[in-house]
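Here is my note on the model you asked about. Have it open beside you and go through the points in order.

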Amino acid sequence: SVKDIEKALSREPELNQNAITVLEKRYLKRDNNGKPSEKPIDMFRRVALNIAEADKLYDKNANILASAKEFYEQMVTLRFLPNSPTLMNAGRELQQLAACFVLPVEDSLEGIFEAVKNTALIHKSGGGTGFSFSRLRPKDDVVKTTRGVSSGPVSFMTVFDAATETIKQGGTRRGANMGILRVDHPDIMDFIYAKEDKTKLTNFNLSVGLTEKFMQAVLEDKEYDLINPKTKSVAGQLRAKDVFDKMVQLAWEGGDPGIVYLDRINAENPTPKEGEMESTNPCGEQPLLPYESCNLGSINLGRFVKDGQIDWADLEKTITVAVHFLDNVIDMNKYPIPEIDRQTKRNRKIGLGLMGWADMLAMLCIPYNSDEATKLAEDVMQFIRDKGREKSAALAEIRGDFPTFKDSVYPAKGFKNMRNATITTVAPTGTISIIAGCSSGIEPFFAIAFYRQVMDNNKLVEVSPVFKDIAKREGFLTDELLDQVAETGAVHDIESVPEKWQKAFVTAHDITPFWHTKMQAAFQKFTDNAVSKTVNFPNEATVEDVRRTYLLSYNLGCKGTTIYRDGSRTGQVLNVGTKD
Ligand code: CDP
């Protein structure tokens, strides 16, 4: 009954004002006048109850309310939050719960426009789409039926971009796109230059799909073959180093294109018999097969530091509940098309990750740019993966293995059961970290005080609550200090802050690309999918600095790299300090 539900799910959500603003703007149900018709507490109840319902599929007598209560407690205490579409859509008409999709783009007009249609359906529901355009024949290649010539992948990408532009007016949030082209596609140079004009393809992130062959050719300064995907024949050669240098140069200029290591991603494909992974989702953290989708969820690490120590038992509890939650999401999701429903349920991938990493480090007084931090990153991620796998195996005993388990890589590795082909992903947590009031993903603090642009230009001022708490506890919090921090956004060189805390509150700009990359690699080591991370460069960084970072990320085993040089793009989302 409603009474029982209200009683069981009664704890007040621990939200700050920024979080409430964000929820009111996009997440809460609305009435006909566009006013929120539910409160944040109702949203968490709606989500918890809806996701718990999946238990019934496996046990007619399942105690839904008990599971709902577990889910609810994890969410309202901000220990765990699912990705935005789940918060927005669970228990509502749309019921589309996943953030990440990859759609195939076939080399035919029908295929291309089929993908455009499916993109529209996904974006309408707040999901993001990744595509590989590598199967499209190069521009000027013959089109048999019309005796004309093809316009090529880069030209077709603008169709997807325009569709996205139109959809986002009506949708719950702006869906993002990832466009990938293999480095051996004959149009690769056009692709690399596609976003040089910054007014073009504004709804796309671009990444070049790098192969091992290509990377070897870069290292040995050799030429490599371009392959026409339609005829499979060699269409020319390029000097690998020239291509690499151009990519580096353009990334230095404006952040695009990024890179993904396609061969490496496929070497770790858990279900190779299901096909090859050609693309990732928009922010790069989730490689998927064509027509696969994945729902993400993130653990807020700051919540697990108690008296300067990590509470591992509490963390384990959250991991266990989160895996149960995310596995249920797969069943409760209303997929936009049948192919996605089918492919997603064959492998049942989930993406459990984390946020509040910088908070955790600061609370433990560990500088982000230190070996101690990268070691802890490995320990934390290994813990999440191992405990996550244990829970997935336990679920499999009751609910069955994911359908392609026997043909997957797991049996040969000694796994007896697995409910999900992947468990871990490190997402950017762009919005859910605002809802949780924590630092985003595994990123360092961007600043200790800053304006944040939320959704459509609502500017909010934030001072790191973690910093304020510690400054208060350690007895150095003053109004003057807060003013000083607000002005520069940083705490180093402020004399009233003890040196160890200056180091613990290091900000992105004072962390070298080397440490950004080391951190990404440390998390990647224990992440089944991939890790979302931006390697920040100061404005004065050189092209050579970017080049070195790309090679470092390759050597350290990352699955891709995204860089951003301060000031290289207008309309930056975050600005340090309040001075300007
Ligand atoms: O924090 P939230 O759950 O809203 O999302 P996120 O962790 O920042 O992003 C996770 C994934 O959601 C991205 O990689 C995209 O696949 C998708 N996304 C999108 O399509 N459009 C956005 N505006 C934000 C996220």
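1. Ground rules. This is a predicted model, so local features need pLDDT of at least 70 and side-chain atom pairs count only at pLDDT 80 or more, while totals for chains, interfaces and linings use all residues. Residues are numbered from 1 along each chain as its sequence is written, and side-chain values use heavy atoms, with hydrogens and water left out.

2. Who sits around the ligand? There are 21 residues around the ligand, and S84, R173, R174, T429 and G430 come nearest. The shell divides into nine nonpolar, nine polar and three charged residues.

3. Polar atoms at the ligand. The side chain of E285 has an N or O atom 2.8 Å from an oxygen atom of the ligand. Backbone atoms take part too: a backbone N or O atom of T431 lies 2.9 Å from a ligand oxygen, and a polar backbone atom of I432 is 2.9 Å from an oxygen atom of the ligand. The protein covers 89% of the 530 Å² of accessible area that the ligand has on its own. Accessible areas come from the Shrake-Rupley method with a 1.4 Å probe, and for residues only the protein chains shown count as cover.

4. T429, one of the residues that come nearest to the ligand. T429 is in the loop between α15 (371-399) and α16 (432-436). Helices (H or I, at least four residues) and strands (E, at least two) are DSSP runs, numbered from the N terminus. Is T429 buried or exposed? T429 counts as buried because its relative accessibility is 5%; the cut-offs are under 20% for buried, over 50% for exposed, and partly exposed in between (1.4 Å probe, protein chains only). Leaving aside neighbours within four places in sequence, T429 is in contact with S298, L354, M355, S440 and G441, where contact means heavy atoms within 4.5 Å.

5. R79 and its partners. Look for R79 in the loop between α4 (64-76) and β1 (80-82). With a relative accessible area of 19%, R79 is buried. Which side chain does the side chain of R79 make a polar contact with? That of D314, at 3.0 Å. A polar contact is a pair of N or O atoms within 3.5 Å; within protein, one must be able to donate a hydrogen and the other to accept it, and residues adjacent in sequence count only if both atoms are side-chain atoms. Not counting residues up to four places away in sequence, R79 touches Q74, S298, I299, N300, R303, F304, K306, D314 and T318.

6. Cysteines. The structure holds zero disulfides, a disulfide being a pair of cysteine sulfur atoms within 2.5 Å. For C438, the nearest cysteine sulfur is that of C283, 16 Å away. C438 counts as buried, at 8% relative accessibility. C558 is in no disulfide either, and the nearest cysteine sulfur, again that of C283, is 17 Å off. C558 is buried as well, at 0% relative accessibility.

7. Backbone spots worth a look. D256 and P257 are joined by a cis peptide bond, with omega about -5 degrees. P257 has its place in the loop between α10 (240-254) and β10 (258-261). L201 is not a glycine, yet has a positive phi of about 50 degrees; L201 lies in the loop between α8 (188-193) and β7 (204-210) and is buried at 5%. C365, also not a glycine, has a positive phi of about 60 degrees. C365 is found in the loop between α14 (357-363) and α15, and counts as partly exposed, with a relative accessible area of 21%.

8. Distances along the chain and in space. D469, in helix α17 (residues 465-473), is exposed at 54% relative accessibility. D469 and M363 are 106 residues apart in sequence and 9.4 Å apart in space, C-alpha to C-alpha. E397 belongs to helix α15 and is exposed at 64%.

Methods. Near = heavy atom within 4 Å. Nonpolar A, V, L, I, M, F, W, Y, C, P; charged D, E, K, R; others polar.
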